[in-house]
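Dear colleague,

Please find below the sequence and structure that I am handing over to you.

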Amino acid sequence: NVESGLNDGIATPFVSIAIAGAATGGEIAGHGPAAATAELAVGLLVGVALGGIGGLLVNAARKRG
């Protein structure tokens, strides 16, 4: 079930959060669904920022030839 859930890009964050919650069972502080959600949010923000910067660099390179 995990592998088939990871094949769907929309389901991946939900599967990752569910796995983090099930793996810890609340035993380890800072590692659980909330921490997984925070890490996914940071990853999303970093990805958007780097993608935007990359797009700007490609446009600048095209203008310069």
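Predicted model: local features only at pLDDT ≥ 70, side-chain atom pairs only at ≥ 80, totals over all residues.

Of the 65 residues in the chain, 9% count as buried.

The secondary structure consists of 3 helices and 0 strands, giving the pattern α-α-α along the sequence.

Helix α3 covers residues 33-64. Its 32 residues should span 46 Å at 1.5 Å a residue, and this agrees with the model, because the end C-alpha atoms of α3 are 46 Å apart. Just after α3, Gly65 adopts a positive phi of about 85°.

On the surface there is a nonpolar patch formed by Val42, Val46, Leu50, Ile53 and Leu57, which together have about 480 Å² of accessible area. One of these residues, Ile53, lies in helix α3. Ile53 has a relative accessible area of 48%; since buried means under 20% and exposed means over 50%, Ile53 is classed as partly exposed.

Helix α2 comprises residues 12-24 and contains Ile19. With a relative accessible area of 37%, Ile19 is likewise partly exposed. Between Ile19 and Pro33 there are 8.3 Å in space, C-alpha to C-alpha, and the two residues are 14 residues apart in sequence.

With kind regards

Terms used:
Residues numbered from 1 in each chain as written. Heavy atoms only, no water. Patch = residues over 30% accessible without salt bridge, like charges linked within 9 Å, V, L, I, M, F, W, Y side chains within 5 Å. Areas by Shrake-Rupley, 256 points an atom, 1.4 Å probe, with all protein chains shown as cover. Salt bridge = Lys/Arg side-chain N within 4 Å of Asp/Glu carboxyl O. Helix = DSSP H or I, 4+ residues; strand = E, 2+ residues; numbered from the N terminus. Buried < 20%, exposed > 50% of the residue type's maximum accessible area, 1.4 Å probe, protein only. Expected span 1.5 Å × (residues − 1).
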